[in-house]
Amino acid sequence: MNYKTCLTLLVLFSTNLIAQITGTVKDKSNGEPMEGVNINAGEKGTATNEFGEFNFDVTNGTELEFSHIGYKTKIQNAENGMLVKMIPSVIESKEIIVHAGLTDESLQKVAASVSVITADRIRESVAGHFQTLTDQIPNLNWAGGTSRPRYFQIRGIGERSHYFGEGAPNFSVGFVLDDMDLSGLGMVGQLYDLKQIEVFKGPQSSVYGSNAIAGLISLRSANPTDEFELKASSSVGSDNHYGLRSVVNLKLMKNINLRMTNVYHYSDGFRHNVSREVTDSNKREEAFSRMKLSYNPSNRLSILATVIYTELENGYDAWAPDNNTDFKTYSNDKGEDSQRTYGYSLRANFEASKNLNITSVTSFTVTDLVHAYDGDWADSIFWHDNHGFDPAVEGWFYEFYDKNERNRANLTQEIRLSLSSVILGGYYKHLKEQDEATGYLFGGVATDANSHFDFIATAVYAQFGLNISSRLKLNANFRFENNTYDYTGTSQGVDDNWEGMALPPVWFQTDTSMMGYRTSLQYVMDKSTSFYGSLSQGYKSGGVNQQPYLSNESRPYGPETLQNVEVGLKRQTQKYRTQFSAFHGLRKDQQVSVSSQQVEGDPNSFLYYTGNAGSGTIQGFEWEHILDISPNLNCDASLGYLKTWVDKFIYFASEGVEMSGGDREAAMSPIITGSIRLNYSNDSGIFGSVRTSYKSGYFYSDSHDQKSKPYFLLNLTVGKSFRNTTIKFWGRNILDERYAIRGFYFGLIPPEYEDQLWLSYGDPSQFGMTLDYKF
């Protein structure tokens, strides 16, 4: 055998022994490709690219070692086209960290009822707005009457509206976006590029003050990182829906990173206006931008700045005088529910020493709101053809239009000192709100009105933690807060001759002090299971009644308090995570609508206003469970049970006429709320989920006894991932359920104007497609 023949055989033999092995590495928990996984075979090594792919010159069957920070090391024999699934080093590497408290803390260790919706669950739901996710959260409800949810109720406590004349801008449920206080402005609930949503249930006043007597909703977006990132998303769907979203993350220079998010969303709003022959009278046209800048000059100092701007040019046309369920409306006046918000927050953290951290949180927001609607819900043709109302015969047109323009500026500053297990802090808030309104105001007394609230809150707070033993921990919080209100109001009405007249001006000041506290005891049975019990008191600030003819004695109303006892269980294993909490709360000095005689001897001086005449109780439980059924299938479920009661109270509607309120369940308080979801995904990138939610009936208002009907909603998502592209097909309310989200009871139909129930309905079925792309 000659030299060339030997060399050829040797090369062929070597080729068979050493081949170029190709493969892909993915995260087993979510199926995402993993970049930067180290692959070793003896002294040889390589790593995966951005798509999780690798090439390695080794012999078939060679033992390969795959390693990555945060994942278990895996040994697998080499073979061409191999797929490697990396397992997180701890299932709890998906451990959820709660950020909305005074310190970051594991959900498993938070001694409170907290629902957390992670970024993964938000993406899987294909939800663009917080509204879509509310049914997943036990004992959370919201009131219709706006184009997006703005007013929330937790455990049966919370406002249903904030029309002109309904008092000061105090809210029972706090709403915070990236450290910015947007309570009562929940329409800014865009979800794209959010890190997670946290919903605290029960009194949170010891941490968040007077806007959190019932609980807190916190939305926190993703922070800038060192890695370049560019993502885009687009969607189309029924109801003329289309949307565009993008995220870019840049490293500007050493220790300085920038992240920018932009969102635009449009849909017609599911209404056909017969009077104006348009389909966009109830439109949702929403734009949102956010910029976050992080600066970490040293290991001891970190600064995070966030700026947002949102422009919601939404229409409002949600009511019909025939209560039809076909989403036909007849209004001839253009409705509007717009919101423009500019805001920023600045969070700085400085580690002064090993045991001392100093945190400063500053925020400022300016919001312009317009809420306008056709007050009679129809045009003259409708009233004539359906109810015989002829302006030529009656001598007047059945036409009403209400409009409220509101400007709110809100500045907050917080300084926090963390000394090992002790936290001390101070808080300052200055809120100014200017309102201009026209329409049927103060029960028809006024036609035009202006108001100005100047609100200042100052507070000091403390938190203390004590490890009684290795298994038993005690935590205590308290907060002392002082609120002052300066209110001025002017209004105009008409006299008996329908000529304009000025009504009595109002100028009033209030000054109240409140205290909230929370004490909890947590017992850690083992690394998977813990129990807790807590005692807390929350508070809601008092305010000023705006009605121009009220006496000075009836003008102010005081704070309301909620005392709450709660016990809970939290357990987490490799297969499931569950949490359960049971609570009992006592409401004191409840703020309710009452009436009394303002001028002794004047039978016409009985006026309605807000007073502290009520008391009541809340009790129930919340349960949430996530279960990994198999590597490809998981399930999550939630269940809320709520029993509320408002004690009977007495007031006088007119001279000698005694009226009573309460003595029944609270409004907007469904006894049962629940949801269940199945989620499937496989290694080929195919995924899908189906979720159903349930809500039992509840009273629409404290002023009448009309109730909603229970309902189920069913949502569906299916899709496929290809490397850096994901396509999703989705359907919401796919069974096209008709369900009411708000009900009013009053006389509308001429000529008798008999009281009857009027309903506004939630969104019907909608189907669409979303395309996500990662560059």
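At 13% relative accessibility, Glu 624 counts as buried, where buried means under 20% relative accessible area, exposed means over 50%, and partly exposed is in between (1.4 Å probe, protein chains only). This is a predicted model, so local features need pLDDT of at least 70 and side-chain atom pairs count only at pLDDT 80 or more, while totals for chains, interfaces and linings use all residues. Residues are numbered from 1 along each chain as its sequence is written, and side-chain values use heavy atoms, with hydrogens and water left out.

Salt bridges come next. The structure holds 37 salt bridges, each one a side-chain nitrogen of Lys or Arg within 4 Å of a carboxyl oxygen of Asp or Glu. Glu 624 forms one of them with Lys 201, with the closest N and O atoms 3.6 Å apart. Glu 624 lies in strand β37 (residues 606-630) and Lys 201 in strand β15 (residues 194-201), so this pair ties together parts that are 423 residues apart in sequence. Strands, here and below, are DSSP runs of E with at least two residues, numbered from the N terminus. Lys 201 counts as buried too, because its relative accessibility is 2%.

In another salt bridge, the side chains of Glu 433 and Arg 408 meet at 2.7 Å, N to O. This pair links distant parts of the chain, with Glu 433 in strand β27 and Arg 408 in strand β26, 25 residues apart. Glu 433 is buried at a relative accessible area of 1%, and Arg 408 is buried at 7%. Elsewhere, salt bridges that share partners join Glu 124, Asp 636, Arg 677 and Arg 691 into one network.

Strand β27 also supplies Lys 429, whose side chain meets that of Asp 181 in a salt bridge (3.1 Å, N to O). Here, too, distant parts of the chain are linked: Lys 429 sits in β27 (residues 422-441) and Asp 181 in strand β14, 248 residues apart. Both Lys 429 and Asp 181 are buried.

Strands β14 and β15 turn up again in an open sheet of 5 strands, ordered β10-β15-β16-β13-β14, with mixed pairing. Two strands pair if DSSP finds at least two bridges between them. At the edges stand β10 (113-118) and β14 (180-181), each with a single partner strand, so one side of each has no neighbour in the sheet. Inside that order, strand β13 (residues 173-177) and strand β16 (residues 215-221) run parallel and are joined by 5 bridges. Phe 175 stands opposite Ile 217 in β16.

A second open sheet has 4 strands in the order β3-β2-β5-β6, with antiparallel pairing. Its edges are β3 (44-47) and β6 (74-77), each with a single partner strand, so one side of each is left without a neighbour in the sheet. On average, neighbouring strands of this sheet are turned by 25° against each other, direction ignored; the axes behind this angle are lines fitted to C-alpha atoms, and angles run from 0 to 180 degrees between N-to-C directions. Strand β2 (residues 38-41) pairs with strand β5 (residues 63-67) in the antiparallel sense over 3 bridges, and the bridge partner of Ile 39 in β5 is Phe 66. With β3, strand β2 makes 4 bridges, again antiparallel, and Asn 40 has Gly 45 as its bridge partner. β2 and β3 form a hairpin with 2 residues between them, and Gly 42 in the turn has a positive phi of about 70°.

Another hairpin is made by β31 and β32, with 4 residues between them. These strands pair in the antiparallel sense over 8 bridges, with Leu 521 opposite Gly 533 in β32. β31 is also joined to strand β29 (residues 472-494) by 18 antiparallel bridges, and there Glu 481 stands opposite Met 514. Ser 528 lies in the loop between β31 (506-524) and β32 (529-540) and counts as buried at 16% relative accessibility. Leaving out residues up to four places away in sequence, Ser 528 touches Gln 108, Lys 570, Arg 571 and Gln 572 (contact means heavy atoms within 4.5 Å).

Strand β26 (residues 401-419) gives the largest share of the patch, 3 residues. Leu 419 is placed in β26 and counts as partly exposed at 36% relative accessibility.
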